[in-house]
Amino acid sequence: MSLLQVEDLAIHFGGVKAVDGVSFSVEAGEVFSIIGPNGAGKSTIFNLISRFYKPTRGTIRFDGQDITHLSAHQIAPLGIARTYQNIELFDHSTVLDNLLMGRHTHRSTNWVQDTLFLPKVRRAERGHRQKVEEVIEFLELEAYRDKLIAGLPYGVRKVVEIGRALAMGPKMILLDEPASGLSVEESQDVAYWVEDMRRDMGLTVLMVEHDMSLVNQVSDRVLAVANGESLAMGTPAEVQADKQVQAAYLGT
Ligand code: ADP
Ligand code: MG
């Protein structure tokens with residue numbers, strides 16, 4: 001069974017059909033990309049999967065469970081983590097603290113235990129730190145560990161945003177335009193990390209991205225959307241050869 005199954009997903013904002021009957025499945029261990037012009041509905045699909053938005057119709061299944069009607073805070077504990085197109089970090093906290101906050105979904109202790117700092121709390125805390133240190137090493141953020149987000153270059157903040165999601169230890173990560181605003185070299189780093197996330201961490205990756213060289217390099221399959229609807233789905237080469245996809249990009 002597919003890890004993620006999206007069936008006839010739709011959301012309408014007043015008269016705007018932001019997403020209008022999109023279906024796709026993502027297999028465990030797959031890198032699956034969604035492409036499409038600005039305003040096509042890509043981030044809205046992420047907001048529907050992470051349950052920030054309630055769909056007008058359709059179903060979303062993850063890991064064998066219908067998650068269509070769960071609330072947003074129930075999503076992360078199932079193993080779905082996401083990044084945001086507009087970086088969502090705490091500017092006046094350090095990189096380390098931002099990544100530790102990404103772990104809060106794993107709380108297995110309550111406030112009484114926390115206050116008394118019982119062995120269970122200390123063990124959990126060690127586990128959180130260990131995971132976060134793994135992520136810092138993986139994304140080569142050692143030099144920035146104790147720096148405030150506000151003072152970091154944009155490219156580094158983009159990487160910390162990925163780190164915040166990885167620190168949650170998800171099964172599936174949703175990356176919303178991870179390479180936007182990055183240099184060619186920085187985008188290439190993102191490509192390597194996506195490949196390593198799959199190979200070394202066993203993650204499933206669902207990515208929205210405009211950088212077609214990144215999409216082509218890392219994706220097993222691609223879904224092209226425009227005006228909230230699917231245009232084509234297949235390998236990167238198949239989707240790029242599609243006449244409807246070409247027309248949507250050329251605006252004809
Ligand atoms: P993109 O493919 O660029 O990520 P979005 O998913 O952000 O596109 O937006 C798709 C469409 O849905 C746009 O027309 C956008 O204005 C609209 N939209 C998204 N979120 C909302 C909202 N909360 N209220 C009204 N319209 C929205
Ligand atoms: Mg978007």
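Q: Which elements each supply at least two residues of the shell around ligand 1?

A: A residue counts as near a molecule if its C-beta atom, placed from the backbone, lies within 6 Å of it. Elements are DSSP runs numbered from the N terminus: helices are H or I with at least four residues, strands E with at least two. Here β2 (16-26) and α1 (42-49) each supply at least two residues of the shell, and α1 gives the largest share, three residues. This is a predicted model in which local features need pLDDT of at least 70 and side-chain atom pairs count only at pLDDT 80 or more, while totals for chains, interfaces and linings use all residues. Residues are numbered from 1 along each chain as its sequence is written, and chains are lettered from A and ligands numbered from 1 in the order in which they are written.

Q: Which residues surround ligand 1?

A: Ligand 1 is surrounded by F13, V16, A18, G36, N38, G39, A40, G41, K42, S43 and T44.

Q: Why is strand β3 described as largely enclosed by the rest of the structure?

A: A residue is buried if 20 or more other C-beta atoms, placed from the backbone, lie within 10 Å of its own. Five of the five residues of β3 (residues 31-35) are buried, so the strand is largely enclosed. V31, S33 and I35 cover one side, and F32 and I34 the other.

Q: In which sense does β3 pair with β8?

A: Two strands pair if DSSP finds at least two bridges between them. β3 pairs with β8 (residues 204-208) in the parallel sense over four bridges, with V205 as the bridge partner of V31. β3 also pairs with β9 (residues 221-226) in the parallel sense over four bridges, where S33 stands opposite V222.

Key. Buried ≥ 20, exposed ≤ 12 C-beta atoms within 10 Å, placed from the backbone.
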